[in-house]
Amino acid sequence: MSRATTAGLVRGGAFAAAGIAFPFVFHAAWIVNIGVLTLMYAALATAWNLFSGYTGYITLGQAAFFGLGAYTLGITFEHVGVGSGYNPFYALPLVGAGIALVSVPVAWIALRTRHMTFAIVTLTLLFIVQQLAFNLRSLTKGSTGLMLPTPRFPIDSYDTPFYLAMLALLLAGLALCWLILRSKLGLMLLAIREDEEKARGLGIRVTGAKLIAWSLMVWLSAMVGGVWAYYLTFIYPESSVDPLVMIGAVLMTFLGGRGTLWGPTIGALVLVPTQQYMITKLGASQLYLVGYSAVFMVVLLLLPRGILPSLRGAIDSRRERRRTHREPVVREEAHA
Amino acid sequence: MSAALLEIEGLTKRFGGVTAVGDCSFSVPEGSVTALVGPNGSGKTTAFNLITGYLRADAGAIRFAGSSIRKPNPVSLARRGLTRTFQQARVFPDLTLVQNMVAALQQPWRAALRRAVRKPEQARALELLEEFGLARLAEERAGNLSYGQKKLLEFAAVLMADPRLVLLDEPTAGVNPLLVDQIEQRIRDLNARGLTFLLVEHNMNLVMRLSDPVVVLDHGTKLAEGSPDVVRTDPRVLEAYLGG
């Protein structure tokens, strides 16, 4: 095993262990609740990054699949019955896979466009799904909203199963990103991001690679939506297909570092607790929005490429400086 | 002369009222270095784009390695052994040279989850980079290369997948004379090993030294086709280049 692989596994293991331990150390319900939200956004941002960060195709439609996941779970409860307790969690991978499968033909058409057009075309998906949620009343109960059964988890650790489910999804997303980044599929996706026309000329199967990344994003997002719906036990169109959720996930990815493994998670870890803290402190006056945007302005000003790439850049240039300081001759030769 | 590896018949492409390529026919014999020359705007690059599927032709037929290509598509053509470079060198700037090389290996889907750069692939990439004088930059970002080096890298990368026919679009444009010699030498070596080339080139000395046959285009149609000596003395060719 190479040193980079070991370091990656250690980092991932430490993160997983800290994540699992968290709700057992800080078991106050309001803290675990912030934990659930943070992990939810981290998982969504990681899923978004898996497709948009690696291929360069910016989608603003991801929240549509979050909502589809939420509604699919809700409707399944209504009509099929998946039991309660932990059972719905086990049904989620299948629900996600079904939604991913259905999304592929749509993506295949949407992927005929690029850049801004692709962003807008996928944004319309979000509003189409929201309209469907409003209007397919027999299935979704429209704007009245859909009630899900409340599971009988122990009251003093009620949030913990949802926390752990979100954590599992985030870890699954991180593991997928890690595997893909070091694989040939990852190389294909990066080539597409850098120059898709060139990639085609080399015989890289660009459409297939993009669709694989897309379906993984949809699969994860739909599962996150399912857990979220079960957690809230009540969903309605505006909240479950919410442009603000979409914007949040994208901004967190930009904040942490697009196209990096840990960037989206770091972005969520910074932003969601900040946002929640400000809501509790300044919520009534809506001033929290001003504070929230101030955080963004500061980050954009100081770290325009995102936290991780900026840090990495700083470390690299420091290393470079140290090397030139020590062995100026070697460096000159290398650049001759 | 041996059989044609690539045959173009009646290729036509119009942009609005302008006929960029009109009823153009020529062939590339297997094992040759065929040159496509002509004044600026004579349709050389358009012909390249039509052959490699980057543009859809209005009419015409393309045969490659004995089978006709109904709907040329860059991906499937590259995987059948017809590959190209671009007039403005195109590489993946954020990837290292080795990654650029390995990305050009055409992988089957079942290999998609294997390590991005495996040991034998790395060795093959380094071997080719060595031949092109880029080995010491192997772990450098491709975006840091000079323009000429990018041209070399792009040329080297298309060789990774062992193509049968390489289309080079102005391989020496904007490249310093030392690198021009190197590119010429590479084409000769590879051709001696059996690789067929079709190149668009403005450096006439290079074309006359390197290519046979030479196809001359003007206003999108073929003016002449033959050995360099025949083409050089053809009065219509002289007219297109020097007159009008």
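Two residues are in contact here if their C-beta atoms, placed from the backbone, lie within 7 Å. Helices (H or I, at least four residues) and strands (E, at least two) are DSSP runs numbered from the N terminus. The structure is a predicted model, in which local features need pLDDT of at least 70 and side-chain atom pairs count only at pLDDT 80 or more, while totals for chains, interfaces and linings use all residues. Residues are numbered from 1 along each chain as its sequence is written, and chains are lettered from A and ligands numbered from 1 in the order in which they are written.

Two packed helices are described by the angle between their axes and the distance between the axes. Axes are lines fitted to C-alpha atoms, for helices over the stretch in contact, and angles run from 0 to 180 degrees between N-to-C directions.

| Helix pair | Axis distance | Angle |
|---|---|---|
| α3(A) (residues 62–79) and α9(A) (residues 206–232) | 7 Å | about 50° |
| α12(A) (residues 263–282) and α13(A) (residues 288–302) | within 9 Å | roughly 150° |

The angle in the table makes α3(A) oblique to α9(A), on a scale where angles under 35 degrees count as roughly parallel, over 145 as roughly antiparallel, 65 to 115 as roughly perpendicular and the rest as oblique. The crossing of α3(A) and α9(A) is right-handed, a crossing being left-handed if the near helix is turned anticlockwise from the far one by less than a right angle, and right-handed if clockwise. On the α3(A) side the contact includes Phe65(A), Phe66(A), Gly67(A) and Leu68(A), and on the α9(A) side the residues met include Met217(A), Val218(A), Gly225(A) and Trp228(A). By class, this contact has 13 nonpolar, 8 polar and no charged residues, where Ala, Val, Leu, Ile, Met, Phe, Trp, Tyr, Cys and Pro count as nonpolar, Asp, Glu, Lys and Arg as charged, and the others, Gly among them, as polar.

For the other pair, the axes of α12(A) and α13(A) cross at roughly 150°, which makes α12(A) roughly antiparallel to α13(A). Their crossing is right-handed, and the contact is made by residues including Met278(A) and Ile279(A) of α12(A) and Tyr292(A) and Val295(A) of α13(A). The residues of this contact divide into 6 nonpolar, 3 polar and no charged.

**The sheet of chain B**

In chain B, 6 strands form an open sheet of mixed pairing in the order β6-β7-β8-β3-β9-β10, two strands being paired if DSSP finds at least two bridges between them. β6 (82–84) and β10 (221–226) of chain B stand at the edges with a single partner strand each, so one side of each is left without a neighbour in the sheet. The twist from one strand to the next averages 20°. Within the sheet, β7(B) (residues 165–169) and β8(B) (residues 196–200) pair in the parallel sense over 5 bridges, and Leu165(B) stands opposite Thr196(B) in β8(B). Helix α1 (residues 44–51) of chain B lies across β3, β6, β7, β8 and β9 of chain B, running at about 145° to β7(B).

**Backbone details and the interface**

The peptide bond from Asp212(B) to Pro213(B) is cis, with omega near 0°, and Pro213(B) is placed in the loop between α7 (204–210) and β9 of chain B. In chain A, His115(A) has a positive phi near 50° although it is a residue other than glycine, and His115(A) lies in helix α5 (residues 115–135) of chain A.

Between the chains, 19 residues of chain A are in contact with 26 residues of chain B. Helix α8 (residues 184–201) of chain A gives the largest share of the chain A side, 11 residues.
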